[in-house]
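Hello,

Here is the structure I promised to pass on to you. Please have a look at it first, and then read my notes below.

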2 protein chains.
Amino acid sequence: MEQDILQLDNQLCFRLYSISRKMTKAYEPLLEKYHLTYPQYVTMLVVFEHEKIDFKELADRVNLKTATMTPIVQKLEQIGYVRREKNPEDNRKVFVTLTDEGKSLNTRITDVPIELAQRLQLTVDKYATLVDELDELDALLNNVLQQP
Amino acid sequence: MEQDILQLDNQLCFRLYSISRKMTKAYEPLLEKYHLTYPQYVTMLVVFEHEKIDFKELADRVNLKTATMTPIVQKLEQIGYVRREKNPEDNRKVFVTLTDEGKSLNTRITDVPIELAQRLQLTVDKYATLVDELDELDALLNNVLQQP
DNA sequence: AAACGGTTATTCGTGTACGATTGAATTAAC
DNA sequence: GTTAATTCAATCGTACACGAATAACCGTTT
C-alpha cells in the first residue's frame with residue numbers, strides 16, 4: 001500500500017521529466033535546417049520580442065542561469081543570428097541584438113511551431129486547458145522554490 | 001498577428017521545459033540527505049519495483065538511452081545502493097540488483113514524495129486531471145516521434 | 001568453423017544545466 | 001574619496017542527455 005507512492009507510474013514529476021524531453025526531440029528535425037537546438041530556439045524567441053535585450057534579462061526570461069546562457073548566446077553569435085555588445089553605460093552588462101540574419105530568421109522560422117502543431121494533432125481546446133493547468137502548477141512550484 | 005505563434009508565452013513546450021526543471025529543483029533539497037540527484041532517484045524507483053532488472057530494461061523504463069544510464073548506475077553503485085552483475089546466460093547483458101543499503105533506502109525514501117506533495121499543495125483532483133492530460137499528450141508525442 | 005547480422009554496454013564528442021568561484025565594474029557607506 | 005558590499009558575465013567542476021562509434025558477444029547461415 002505505502003509503496004504505491006513510489007511507483008513510477010504514479011509520479012507527476014516523471015511525466016513532466018519524460019514528456020519535456022520528448023517535446024524537445026519532436027522539435028529537433030524541424031529546427032535542423034536552421035542549425036538550432038531547442039534551448040537555442042527558445043532563446044531566439046525571446047530575442048525576437050525585443051530587438052535589444054539585456055543578457056541578464058534574457059536569461060531570466062528563459063528561466064536559465066547566466067552560467068547556462070553564456071555558451072548558448074555565444075553559439076548563436078557564432079552561427080550569426082545575434083550580436084553581443086557591451087553596454088556603454090555599465091561595462092559589466094552585455095546587450096544581445098539581432099543581426100540581419102537573425103531578423104530574416106524571425107520571419108522564416110514561423111513554420112516550426114506551425115508544423116509541430118500540425119504533427120501533434122492536439123485540439124485547440126486541449127492545448128488551452130493544458131496551458132492553464134500547467135500555469136497553475138507553475139505558480140505552486142514557485143511557492144515551493146521560494147522557501148529553502 | 002502571425003508573430004503571436006512565436007511568443008514565448010504561447011508555447012506549451014516552453015512550459016513543459018521550464019516546469020520540468022523547477023520540479024527537479026523542488027526535489028533537490030529532499031533528496032540531499034540520500035545523496036541522490038533526481039535522475040538517480042527516478043532510476044532507484046524502477047529498481048525498487050524489480051529486485052533484479054536488466055540494465056537495458058531499466059534504461060527503457062526511465063526513457064533514457066543506455067549511454068545516459070551507464071554513468072547514473074555507476075554512481076548508484078559507487079554510493080552503495082545497487083550492484084551490477086553480469087548475466088551468466090548472456091555476457092553482453094548486465095543485471096542491476098539492490099544491495100542491503102538499497103533495500104533500506106526503499107523503506108526510508110517514502111518521505112520524499114510525501115513531503116513534496118505536502119509542499120506542493122496540489123489537490124488530489126487536480127493532480128489526477130494533470131496526470132490524465134499529460135498521458136494524452138504523451139501518446140500524441142509518441143506518434144510524432146515514431147515517424148522521422 | 002568462419003562469416004554475417006543483430007544486440008548490448010561502454011566510450012566519445014557536443015550541448016545543456018547549475019552551484020560555486022572569479023574578476024571586473026558599479027553602487028553604497030562612511 | 002577610499003573602503004565595503006553588490007552586481008554582472010564568464011569560468012570551472014559535476015551531472016545529465018543523446019547520437020555516433022566501438023568492442024564484445026550472441027544466434028544464424030553457410
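Searching the whole structure, a predicted model, turns up 10 aromatic pairs over all chains. Rings of Phe, Tyr and Trp (its six-membered ring) pair if their centres lie within 6.5 Å, and planes under 30 degrees apart count as stacked, over 60 as edge-to-face and the rest as tilted. One of the pairs joins Tyr27(A) and Tyr38(A), which are tilted, at 5.2 Å centre to centre and 45° between the planes. Tyr27(A) belongs to helix α1 (residues 12-31) of chain A and Tyr38(A) to helix α2 (residues 38-48) of chain A, so this pair ties together parts 11 residues apart in sequence. Helices here are DSSP runs (H or I, at least four residues), numbered from the N terminus. Tyr27(A) is buried, at 3% relative accessible area, and Tyr38(A) is buried too, at 4%. Buried means under 20% relative accessible area (1.4 Å probe, protein chains only).

In chain B, Tyr27(B) and Tyr41(B) form a tilted pair, with ring centres 5.5 Å apart and planes at 35°. This pair ties together parts that are 14 residues apart in sequence, because Tyr27(B) lies in helix α1 (residues 12-31) of chain B and Tyr41(B) in helix α2 (residues 38-48) of chain B. Both Tyr27(B) and Tyr41(B) are buried. Ring pairs also join Phe14(A), Tyr17(A), Tyr27(B), Tyr38(B) and Tyr41(B) into a cluster.

Two charged side chains sit over rings, meaning that NZ of Lys or CZ of Arg is within 6 Å of the ring centre and within 35 degrees of the ring normal. Arg21(A) lies over the face of Tyr17(A), 4.5 Å from the ring centre, and Lys52(A) lies over the face of Phe95(A), 4.7 Å from the ring centre.

Next, the nonpolar core: a set of buried Ala, Val, Leu, Ile, Met, Phe, Trp, Tyr and Cys residues joined through side-chain atoms within 4.5 Å. The largest has 99 residues, of which Leu137(A) and Leu137(B) touch the most other members. Leaving out residues up to four places away in sequence, Leu137(A) touches residues including Leu12(A), Leu16(A), Ile19(B) and Met23(B) (contact means heavy atoms within 4.5 Å).

Finally, a 180° rotation with 0.0 Å of shift along its axis superposes chain A on chain B, with RMSD 0.0 Å, by least squares on C-alpha atoms of residues with pLDDT of at least 70 in both. The two copies are thus related as by a two-fold rotation axis. The same surface serves both, as 100% of the contact residues of chain A recur in chain B.

Some notes on conventions: residues are numbered from 1 along each chain as its sequence is written, and chains are lettered from A and ligands numbered from 1 in the order in which they are written. Local features need pLDDT of at least 70, side-chain atom pairs count only at pLDDT 80 or more, totals for chains, interfaces and linings use all residues, and side-chain values use heavy atoms, with hydrogens and water left out.

Best wishes

Note on methods
Helix = DSSP H or I, 4+ residues; strand = E, 2+ residues; numbered from the N terminus. Buried < 20%, exposed > 50% of the residue type's maximum accessible area, 1.4 Å probe, protein only.
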